[in-house]
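User: I would like to learn how to read a protein model feature by feature. Could you take me through one?

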Amino acid sequence: MSKAVRYRGRTMSRPSDFVGTRELAVNLTLRDLRSRYKKTLLGWTWSLLNPLAAVAVYSLVFSYFLKIQPPTGNPSGLSSFALFLLCGLIPWTFFANGMTMGLGSLVANGNLIKKVYFPRELLVLAAVASLVVTMLIELAVLAAILLIAGNMVLPWLPAVIVLVFLESVFVLGIALVLSVCNVYFRDVQHLIGIILQVLFYTAPIVYPISYVPDQAMVAGVTIPVGDIYRLNPLVTFVESFRDVLYDLRFPPIADIGYLVLWAGASFAFGLWVFGRLDRRLAEEV
């Protein structure tokens with residue numbers, strides 16, 4: 001008789017249920033990928049057109065009108081605002097889409113949740129995993145453009161994969177929290193839109209980090225603005241992607257350690273919150 005374990009008050013057997021769960025996760029991810037551009041003429045081309053359109057708009061506004069100059073890549077020597085922007089925009093887009101798609105993943109699959117029991121975390125995992133695939137496609141296109149521009153990014157691709165993994169774990173943790181909270185409090189989906197608008201400008205996506213002052217005087221008190229600004233994990237994610245893609249250098253070890261801590265903490269907290277709130281999902285969804 002196979003060993004049984006408890007899962008949310010229900011009995012699951014190993015290893016058969018583990019294999020079935022893994023297959024279910026893959027199938028849910030493939031379903032999300034197929035449905036994203038279903039019945040569209042351009043299909044997966046939209047995954048490339050959307051960031052390219054954003055780059056065109058931001059380049060016009062920030063590079064042409066606001067005259068923001070991109071830093072010269074060190075040691076790559078690259079100087080291109082569009083490529084500088086893309087290196088930061090792709091990880092940001094993944095983060096933003098992960099939050100929005102993750103928080104709606106349970107509500108959108110309410111009928112499935114009510115019909116059959118399975119680990120509901122898989123719905124959130126599938127939503128984030130499908131975005132990882134899109135992100136990898138965008139990064140592959142960016143790498144090709146960088147190669148054409150003379151940036152030899154190929155030796156740095158393993159570092160890019162590590163950063164993608166860390167950000168995926170980080171985003172999954174946040175998505176787990178948002179998805180289950182959105183079932184009980186539908187205001188979350190409206191609040192996230194506002195939060196994302198604020199977060200976009202709290203990371204060096206459309207401007208170099210050198211534009212952020214180290215200190216600022218507020219009411220006669222010196223505030224270490226630069227240090228506070230760098231506490232934001234999005235700042236470290238964006239800068240780390242730029243390090244390996246734009247500058248062609250390995251990010252500081254301290255930054256990688258910081259991202260590992262954030263990814264682990266986010267994932268652990270997400271699982272804990274989800275576990276506390278998922279018992280009544282079938283009734284509330």
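User: Is Phe 267 buried or exposed, or something in between?

Analyst: The general idea is a pair of cut-offs: buried means under 20% relative accessible area, exposed means over 50%, and partly exposed is in between, with a 1.4 Å probe and protein chains only as cover. Phe 267 has 31% relative accessibility, so it counts as partly exposed. Do keep in mind that this is a predicted model, in which local features need pLDDT of at least 70 and side-chain atom pairs count only at pLDDT 80 or more, while totals for chains, interfaces and linings use all residues. Residues are numbered from 1 along each chain as its sequence is written, and side-chain values use heavy atoms, with hydrogens and water left out.

User: Where does Phe 267 lie, and which residues does Phe 267 touch?

Analyst: Helices are DSSP runs of H or I with at least four residues, strands are runs of E with at least two, and both are numbered from the N terminus. Phe 267 belongs to helix α11, residues 253-277. A contact means heavy atoms within 4.5 Å. Leaving aside residues up to four places away in sequence, Phe 267 touches Val 169, Leu 172, Gly 173 and Leu 176. Phe 170 is 97 residues away along the chain, yet its C-alpha atom is 6.2 Å from that of Phe 267.

User: How many helices and strands does the protein have, and how many residues make up its largest nonpolar core?

Analyst: There are twelve helices and four strands. In soluble globular proteins, nonpolar side chains tend to be buried together. A nonpolar core here is a set of buried Ala, Val, Leu, Ile, Met, Phe, Trp, Tyr and Cys residues joined through side-chain atoms within 4.5 Å. The largest such core has 78 residues, and those with the most contacts inside it include Trp 92, Leu 139 and Phe 241. Among the helices that each supply at least two residues of this core are α3 (81-103), α6 (121-148), α7 (157-184) and α10 (233-247). Helix α7 gives the most, with 16 residues. Across the protein, buried residues make up 45% of the 285 residues. Of the contacts with a separation of 6 or more, 76% are between residues 24 or more positions apart.

User: How do I check the length of a helix, and where is the kink in α3?

Analyst: The expected span is 1.5 Å times one less than the number of residues. For the 23 residues of α3 this should give 33 Å, and its end C-alpha atoms are 32 Å apart, which agrees. A bend at a residue is the angle between axes fitted to the seven residues ending there and the seven starting there. By that reading α3 has a kink of about 30° at Leu 89, shortly before the proline Pro 91. Because 18 of its 23 residues are buried, α3 is largely enclosed by the rest of the structure.

User: Which residues does the cis peptide bond join, and what does Pro 71 touch?

Analyst: The cis bond joins Asn 74 and Pro 75, with omega about 15°. Pro 75 is in the loop between α2 and α3, and Pro 71 is placed in the loop between α2 and α3 as well. Pro 71 is partly exposed, with a relative accessible area of 34%. Not counting residues up to four places away in sequence, Pro 71 touches Leu 78, Phe 84, Pro 208 and Tyr 246. Pro 71 and Pro 208 are 137 residues apart along the chain, with their C-alpha atoms separated by 6.9 Å.
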